[in-house]
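Please look at the structure shown here, and keep it in view while reading the report that follows.

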Amino acid sequence: MEPLGVSGGHLLHPPHESVEFPDGAVAAATDRAFHATLYRGVANPLLGEVLDAFWEAFHRVRTDLVDLPQDPMVTCRQHREILDAVRSGEAIRAERAIRDHFGNIRNRLTATPQQDR
């Protein structure tokens with residue numbers, strides 16, 4: 001993997017985001033940019049294509065999924081942990097951090113909406 005040429009501060013928490021999202025939510029575009037930049041360093045162009053396909057599919061159906069809000073500070077902290085692990089070359093730590101980060105999506109995909117009674 002090539003070193004990441006990422007400005008960690010802006011990629012993890014762009015200054016404009018707090019203005020666009022006063023509730024502190026992490027913009028989908030910011031999250032997507034983080035992952036696209038992260039995977040660009042991997043010498044596997046198919047990974048980028050799979051990531052793009054996932055994003056397109058997930059964002060088409062996300063409004064149909066159970067909304068399990070995640071604290072934006074948790075998302076930022078998770079991105080920082082992933083980036084730190086990758087930059088330090090700790091593959092197992094990076095894998096663990098990525099799995100932890102995708103836990104919210106995994107939960108949303110498996111949760112069933114409560115039926116009105």
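## Where H6 meets H7

In this predicted model, the axes of helices H6 and H7 come within 4 Å of each other and cross at roughly 40 degrees. On the side of H6 the contact is made by Arg99, Asp100 and His101, while H7 contributes Gly103, Asn104 and Arg106. Sorted by class, the residues of this contact between H6 and H7 are three polar and three charged, with no nonpolar residue among them.

Between helix H6, which covers residues 91-101, and helix H7, which covers residues 103-110, there is a loop in which Phe102 is found. If residues up to four places away in sequence are not counted, Phe102 touches His35 and Tyr39. The C-alpha atoms of Phe102 and Gln78 are separated by 9.6 Å, although these residues stand 24 residues apart along the chain. As for H7 itself, its buried residues are Gly103, Asn104, Ile105 and Arg108, and these buried residues pack against both H4 and H6.

## The pairing of H3 with H5

The contact is formed by Asp31, Phe34, His35 and Leu38 from H3, together with Thr75, His79, Ile82, Leu83 and Val86 from H5. In this contact of H3 with H5, five residues are nonpolar, three are polar and one is charged. His35, which belongs to the H3 side of this contact, is also one of the residues that Phe102 touches.

Glu81 has its place in helix H5 as well, and because its relative accessibility is 30%, Glu81 counts as partly exposed. When its neighbours within four places in sequence are left aside, Glu81 is in contact with Arg93 and Ala97. The C-alpha atoms of Glu81 and Arg93 are separated by 8.6 Å, with the two residues 12 apart along the chain.

## An aromatic cluster

A search of the whole structure finds two aromatic pairs. In one of them, the rings of Phe54 and Trp55 have their centres 6.3 Å apart and their planes at 70 degrees, and since planes over 60 degrees apart count as edge-to-face, this pair is edge-to-face. The rings of Phe54 and Phe58 have their centres 5.6 Å apart and their planes at 15 degrees, so that pair is stacked. Phe54, Trp55 and Phe58 together form one aromatic cluster.

Both Phe54 and Phe58 lie in helix H4, residues 45-61, where they are four residues apart, or about one turn of the helix. An α-helix has 3.6 residues a turn, so residues three or four places apart point the same way.

## The chain as a whole

Of the contacts in the chain between residues at least 6 apart in sequence, 65% join residues that are at least 24 apart.

The chain has 117 residues, of which buried residues make up 32%. Its accessible surface comes to about 8000 Å², and 55% of this surface belongs to carbon and sulfur atoms.

How values were computed. Residues numbered from 1 in each chain as written. Predicted model: local features only at pLDDT ≥ 70, side-chain atom pairs only at ≥ 80, totals over all residues. Heavy atoms only, no water. Helix = DSSP H or I, 4+ residues; strand = E, 2+ residues; numbered from the N terminus. Contact = heavy atoms within 4.5 Å. Buried < 20%, exposed > 50% of the residue type's maximum accessible area, 1.4 Å probe, protein only. Areas by Shrake-Rupley, 256 points an atom, 1.4 Å probe, with all protein chains shown as cover. Axes fitted to C-alpha atoms, helices over the stretch in contact; angles between N-to-C directions. Nonpolar A, V, L, I, M, F, W, Y, C, P; charged D, E, K, R; others polar. Phe/Tyr/Trp six-rings, centres within 6.5 Å; stacked < 30°, edge-to-face > 60°.
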